[in-house]
Amino acid sequence: MSGDLRISDIIVGERDRQELGDISELARSIEQVGLLHPVVITEDGELVAGDRRLAAVKSLGWECVPVTVVSLETAADVLRAEADENACRKGLTPYEAARARERRAKLLAPKARERQGERTDLKSEPRTNLVPSSSAATKTKNVASAGTGYSGSTLDKVDKIRDVAERGVIKRGKAEIPAPAPVVEIARKALEDVKQTGAAVERSSRDLNAAVEAYVGTDPDVQRARLAKQFSDAMSRAIQVIQFNAENVAAVIEPGEWDDLEREFDALAKFWKQLKSHRPQGLRLIGGTRV
């Protein structure tokens with residue numbers, strides 16, 4: 001959906017760009033050939049893309065501006081189409097692009113929640129989840145990446161750098177681990193690099209990953225958390241074995257496979273015996289608390 005809207009009615013939140021740059025050339029282009037692509041807004045009037053265009057038409061004294069209203073379904077196509085607006089476009093730095101994706105995803109998330117709720121209602125299931133599912137959140141991030149000039153995987157690397165540099169945390173799955181000062185310092189240097197146009201994000205990401213892995217390799221708490229996660233993952237896979245019907249499985253096992261299977265199950269039994277021998281003695285759980 002498109003049309004004209006009063007500039008004063010457009011809600012401009014946090015800007016994608018650190019600096020808008022010189023908009024005079026863009027303003028002259030718009031004055032000569034018109035606005036090739038409308039600014040992009042949500043159905044609630046919040047600016048999704050086009051901050052430089054908006055600033056340029058303001059400088060020309062426009063009171064109204066052509067707008068394109070996007071939903072989650074149309075946003076990706078619209079944002080890609082307007083990415084190459086004209087020769088006067090100022091590309092986003094990787095840092096600006098990551099912030100743009102974050103902001104756009106927040107604007108588009110309510111629509112993702114609505115669609116998720118609609119699908120749930122169609123299945124006649126209770127609508128209790130107010131947060132988009134992981135697949136819905138991933139789709140929203142992919143849509144929000146469109147038109148930034150960078151792939152989603154590149155922006156994921158920038159986000160990892162931002163997490164450490166700006167928030168001081170290292171993400172491990174859903175867990176967040178406080179980052180030590182030397183790692184934060186490396187992340188901050190990497191962040192300054194990705195704030196530059198044409199930054200080598202891959203190199204900055206590698207530098208940070210090396211620092212994080214060096215920290216993980218020496219910190220006992222992180223090592224314990226990693227081991228617990230790895231063991232939990234392995235157990236979740238191993239437990240799948242008992243879901244099978246033993247009689248049916250026995251019918252499909254080849255004769256030469258029995259010896260290998262026996263060795264593997266014997267190894268599991270041996271590990272279980274060793275594990276029990278290291279179990280802390282005199283500890284039992286009461287109400288979830290060890291005493």
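Which residue in E6 is the bridge partner of isoleucine 170? Please start there, then show me what surrounds that part along the chain.

Analyst: The partner of isoleucine 170 is isoleucine 177 in E6. One caution before going on: this is a predicted model.

Start with the two strands. Strand E5 covers residues 169–172. Strand E6 covers residues 175–178. They run antiparallel, and 4 bridges join them.

Now look at the turn. E5 and E6 form a hairpin with 2 residues between the strands. Glycine 173 in this hairpin has a positive phi, near 65°.

Next, follow the chain to the helices. Helix H7 spans residues 181–194. It packs with H8 at an angle of about 175°, and their axes are 9 Å apart. An angle over 145 degrees counts as roughly antiparallel, so H7 is roughly antiparallel to H8. On the H7 side, the contact is made by Val183, Ile186, Ala187, Ala190, Asp193 and Val194. On the H8 side, the residues are Val201, Ser204, Asp207, Leu208, Ala211, Val212 and Tyr215. Sort them by class and you get 10 nonpolar, 1 polar and 2 charged residues.

Helix H8 runs over residues 201–216, and helix H9 over residues 220–238. Their axes come within 8 Å and cross at roughly 90°. Angles from 65 to 115 degrees count as roughly perpendicular, so H8 and H9 are roughly perpendicular to each other. Glu213, Tyr215 and Val216 of H8 make this contact with Val222, Gln223 and Arg226 of H9. By class, that is 3 nonpolar, 1 polar and 2 charged residues. Notice Tyr215. It takes part in the contact of H7 with H8, and also in the contact of H8 with H9.

Stay with H9 for a moment. Alanine 238 is found in this helix. Is alanine 238 buried, exposed or partly exposed? It counts as partly exposed, because its relative accessibility is 36%. Alanine 238 and leucine 268 are 30 residues apart along the chain. Their C-alpha atoms are separated by 9.9 Å.

For contrast, turn to another stretch of the chain. Valine 70 lies in the loop between strand E4 (64–69) and helix H3 (72–81). Its relative accessible area is 4%, so valine 70 is buried. Valine 70 and aspartate 44 are 26 residues apart in sequence. In space, they are 9.9 Å apart, C-alpha to C-alpha.

Helix H1 (residues 24–33) and helix H2 (residues 51–59) have axes that come within 9 Å. These axes cross at roughly 70°. H1 and H2 are therefore roughly perpendicular to each other. From H1, the contact uses Leu26, Ala27 and Ile30. From H2, it uses Arg52, Arg53, Ala56, Val57 and Ser59. The classes are 5 nonpolar, 1 polar and 2 charged residues.

Finally, step back to the whole chain. The protein chain has 11 helices and 8 strands. Of its 291 residues, 34% are buried. The chain exposes about 18400 Å², and carbon and sulfur atoms supply 53% of that area. Take the contacts between residues at least 6 apart in sequence: 73% of them join residues at least 24 apart.

Notes
Residues numbered from 1 in each chain as written. Predicted model: local features only at pLDDT ≥ 70, side-chain atom pairs only at ≥ 80, totals over all residues. Heavy atoms only, no water. Axes fitted to C-alpha atoms, helices over the stretch in contact; angles between N-to-C directions. Parallel < 35°, antiparallel > 145°, perpendicular 65-115°, else oblique. Contact = heavy atoms within 4.5 Å. Nonpolar A, V, L, I, M, F, W, Y, C, P; charged D, E, K, R; others polar. Pairing = 2+ DSSP bridges. Buried < 20%, exposed > 50% of the residue type's maximum accessible area, 1.4 Å probe, protein only. Areas by Shrake-Rupley, 256 points an atom, 1.4 Å probe, with all protein chains shown as cover.
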